[in-house]
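Biologist: Could you walk me through this one before I plan my reading? I would like to start with how the helices cross.

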Amino acid sequence: MDYGKLDAPLAVRLASAADDDAARVFPVLIRLTAPPSAEQLATLRAAGVVRVPEGRRTVSADLSRRDLERLSAEPWVQAVSLSGERRPYGAR
Amino acid sequence: MEYRKLAPSLAAAYQRYHQDDVSSLRRQSASLGWVSVDEPAKPTRAVVSLICTPDATLDDVKHEGLRINQGGNRIRTAIVPFDGLETLAEHDGVERIVSAHLLRPYLDAARAGVGVDTFQNTTGLTGKDVLVGIVDTGIDPHHPAFTGRIERIWDQTLHGHGVPEGAFGLELKGSQLTQSRDTEGHGSHVSGISAGAEPVFRGVAPDARIVAVKTNFLDSGITAGIQYVFRLGREMGLPTVVNLSLGGHYDPHDGSDALSLSVDEETGPGRLVCCAAGNEGTDDIHARVPVHGTAVKSLPCIPDVKGRRHDFMLNGWYATDSRFEVAVAAPSGHSTDFQGPIPTTENSAMTYDLPDGKVEIATPETNTLNDDRNFFIMVRPEEHSLAPGLLPTWQLLVRGVGAADRGTVDVWILDKSGHARFNGPMTSDDMKIGSPGCASSAITVAAYATRTTWEDIDHDTFSAPWLRLDDIADFSSEGPLRDGARKPDVTAPGAMIVSALSQDSAPERELTLDTEHVAMQGTSMACPFLAGVCALLLERDGDLDPARVKELLKAHSARPHAEAGEFDEKWGFGLLDVAGL
């Protein structure tokens, strides 16, 4: 695992998550260095990134620890961030 | 009688009319547009608006005293004797009948306050052939404000195969739209401000097409939702504006997080994103900790100002030319070890079990998206750590690794309920605009009060003493960003705003004006106001890009008694004057 590419909230989640390498329990945003080539697209899909919008550098996915390890090692993956939860900015 | 076609207030009045309850009718007649209640020689009549089927012909509707005014197509006005309501309601061309009181333009103050009426009267722009995307809690497809204009709903909370941008949720169109429900009501209200169209309430861009994403509110869902809306816009050949009345503080507050970068990636000519600045203007959620060598600085953290037990998080950022260590001290005095930046070869997160609860601290070497240093701390207090009568106060401890390590740490406290706060002199009333509002290309909006009183469904008058009429709302979050970038961009009406009420939501009664409208406040309301304005601008020029729109807005915005172009961390470049755009 290239921990240098994981953001701090994802590091915390990894440290506290159950030890099931295959469970897709990490909702993440993956930032790529460039829109993926066909080969990189295949790697992303093999690692569990189900949908990759064409020509985009940011993709979302639910990954397992094993997928994270695989993708973080790729030089064309710039960063992986845990999907934080946002909230609406209105009140009654 | 087809009661389903009558607005509830009209249906109730119709019943009272038949019960000969003249006193009730008289009490409401002035505000509801009923006439001749006390004149036996003339039939009691109602001034109403009719929502008709497209190109309906009502020439064949005949009843003594009934007068349908000329003009209009789907929306027409009429004076109808109560005895003639049944004839009108049973006509195939009439979809709904609402009392004239609903014709009060609730957004008058907001629209007039920033010159939208003047602008639209001059230009005729209504958002036609522009797509407005609302990524929010959903939309009420039954609401008359949106009739016939919702292209799609992607409900990320329903089980399904998703869309090309995300393999989750269910995409709905046509008759399927009603499968999605806006139980929170926030998204419907936001949609109404931006693109509502009805006699009751006129949104800023009432002819715009609408796509709603009922999001799961995770960064990944929001990102996919933005990408989805813009793809639909491309496929439909329409310029598109996406409204994001949401946010949070998990990010570095400089626009370098993945969600903000995704916003920057999606925007361009004919593709705009508007974001709410946030509602934490009066909340102590940000602190600046000056660090001088190895001296320990202590920042008090209160998980909940009401003393309830809540997990909370601390998100700290500082420049890469220093190395700082952090620790957490519990209310009992026990504390974790100090933890500094950890090499990338191992996980930067460590867990500490204290008598008061569990603390997890991550201190990566650097962040690869902005090259700054970051620490993230999760605190999970135990139930027994609460001392009766005392607010449990935790402490964030910060110090330099060595004597030469100096600098400032910006840190935000966050929790799911929004009740966690800092305490003490290091709290700072700036830099409260988080992602996606800090995205460079996003048009980020602060909130202004154009209405502070309203009349509820029971005709009781309420006021909002926390607001000052015709002034910035205190709750509106301040900029600038952590890197000094100027945010918010502009200010727009955001309190109190009356807009569409989702029938699947349950608002407080005093904020409910009738069965179709509710009052809300927030930068969530200012944001769609601006998104509506952007839709008008895109109708005029479908190639406008974020930079050009910001130039236009900046040139036509100002704080009271200030020149256009002057930046303020609360107002941005000031209150928008739409009339001059």
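Modeller: First the convention: a crossing is left-handed if the near helix is turned anticlockwise from the far one by less than a right angle, and right-handed if clockwise. This is a predicted model, where local features need pLDDT of at least 70 and side-chain atom pairs count only at pLDDT 80 or more, while totals for chains, interfaces and linings use all residues. Residues are numbered from 1 along each chain as its sequence is written, and chains are lettered from A and ligands numbered from 1 in the order in which they are written.

Biologist: Fine, so in which hand does H6(B) pass H9(B)?

Modeller: H6(B) passes H9(B) in a right-handed crossing, helices being DSSP runs of H or I with at least four residues and strands runs of E with at least two, numbered from the N terminus. The axes of H6(B) (residues 186-195) and H9(B) (residues 523-540) come within 7 Å and cross at roughly 35°; axes are lines fitted to C-alpha atoms, for helices over the stretch in contact, and angles run from 0 to 180 degrees between N-to-C directions.

Biologist: And which residues make the contact?

Modeller: Among them are B:Val190 and B:Ile193 of H6(B), together with B:Met525 and B:Phe529 of H9(B), where contact means that C-beta atoms, placed from the backbone, lie within 7 Å.

Biologist: What does H6(B) lie across?

Modeller: H6(B) lies across S28 and S30 of chain B, running at about 105° to S28(B). Those strands belong to an open antiparallel sheet of three, ordered S28-S30-S29, and strands count as paired if DSSP finds at least two bridges between them. S28(B) and S29(B) stand at the edges with a single partner strand each, so one side of each is left without a neighbour in the sheet.

Biologist: Switching to chain A, why is H1(A) largely enclosed?

Modeller: Seven of the nine residues of H1(A) (residues 8-16) are buried, so the rest of the structure largely encloses that helix. A residue is buried if 20 or more other C-beta atoms lie within 10 Å of its own, exposed if 12 or fewer, and partly exposed in between, with C-beta atoms placed from the backbone. The cover includes S1, H3 and S3 of chain A, together with S17, S18 and S19 of chain B.

Biologist: How many residues does the contact take from each chain?

Modeller: The contact takes 58 residues from chain B and 36 from chain A. On the side of chain B, helix H7 (residues 219-236) gives the most, with six residues.

Biologist: Which strands pair between the two chains?

Modeller: S4(A) (residues 87-88) and S11(B) (residues 246-247) pair in the antiparallel sense over two bridges, and A:Arg87 stands opposite B:Gly247.

Definitions and conventions
Two residues are in contact if their C-beta atoms, placed from the backbone, lie within 7 Å.
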